Amino acid sequence: MENKMSLLANAKNVETKDTDFLGGKLESNVYLCAVKMMYIDKNQSGAVFANIEVAVKTDTGVRAYNETIYMSNKAGEFTFKDKKTGEDKPMPGYALVDTICKLATGKSLTEQELAQKTIEVYDPQSKGKVQASKEVVVSMLKQKVQLAIVQQTENKSAKDANGKYVPTAETFTKNSIVKAFTAEGLTQTEKDAGKSEGEFKEAWLKRNKGVVIDKTVKPANGATAGGASKTASKA
């Protein structure tokens, strides 16, 4: 069967390499997850994203988690020019999704089986679920992978006098997927090295488990941004 990659056509020659970098909400932790849904789409500006819904195994049971990960710029380009080296590098979001696919199935994102399917998705206008046709990554469904999900604090945004969105002093807390491991806990680097037991996961947990990452910035108007710097999660 021909694998049509309409929205990912520009990503076919993008090579990614995972790096081991320590750098209501789920606590910052590494969770075993099963993929319930994954589809590719783009927003009104043209940026391509992957919407991933997983069943997360926690200490208190299994819960759903959904995240939209942007993989391209508005022009649909999956790479950016590195200012230091001048080299083309994959967008961070694309590299993350590609790594998740590799660790779950052994194949990159552009090698996955896609199919146009009518599924239930959230509609921001009606603020409810609607039926819509999406490009589903069917080969990722029911696959298992461990995901490092952090809890982080960011600034809310608002339009300034010129209609441009800028950070405000008001903050909010969100979850974000920042790292992926095989179902057995290996990174891509460790898997490629033929290791049967991983070491990086434990190092990541030692630094990040239970921590709320402060990603706030000082607003341009001089107001003090909220948020605590690397405090233990109370969620």
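Ala-75 sits out in the open in this predicted model, with a relative accessible area of 55%. That is over the 50% cut-off, so Ala-75 counts as exposed. Its place in the chain is the loop that links β3 (61-70) and β4 (79-81). Gly-46 is 29 residues away from Ala-75 in sequence, yet the two C-alpha atoms are 6.1 Å apart in space.

Next comes helix α3, which spans residues 200-208. Its buried residues are Phe-200, Lys-201, Trp-204, Leu-205 and Asn-208. These fall on the same side of α3, because the arc they cover around the axis is only 135°. Turn to the face pointing away from that buried side, and the exposed residues Glu-202 and Lys-206 show up. After α3 comes Gly-210, with a positive phi near 75°.

Then there is the second largest pocket, with a volume of about 720 Å³. Its lining takes in 23 residues, and Tyr-39, Asn-51, Tyr-122, Asp-123 and Pro-124 are the ones closest to the centre. Two or more lining residues come from each of β1, β2 (48-58), β3, β6 (114-123) and β7 (128-137). The top contributor is β6, which supplies five residues.

Notes
Residues numbered from 1 in each chain as written. Predicted model: local features only at pLDDT ≥ 70, side-chain atom pairs only at ≥ 80, totals over all residues. Heavy atoms only, no water. Buried < 20%, exposed > 50% of the residue type's maximum accessible area, 1.4 Å probe, protein only. Helix = DSSP H or I, 4+ residues; strand = E, 2+ residues; numbered from the N terminus. Arc of directions from axis to C-beta. 1 Å grid on protein atoms, 1.4 Å probe; cavity = no way out; pocket = protein on both sides within 12 Å on 5 of 7 lines; lining within 4 Å. Points joined across faces, edges and corners; volume = space filled by probe spheres on them.
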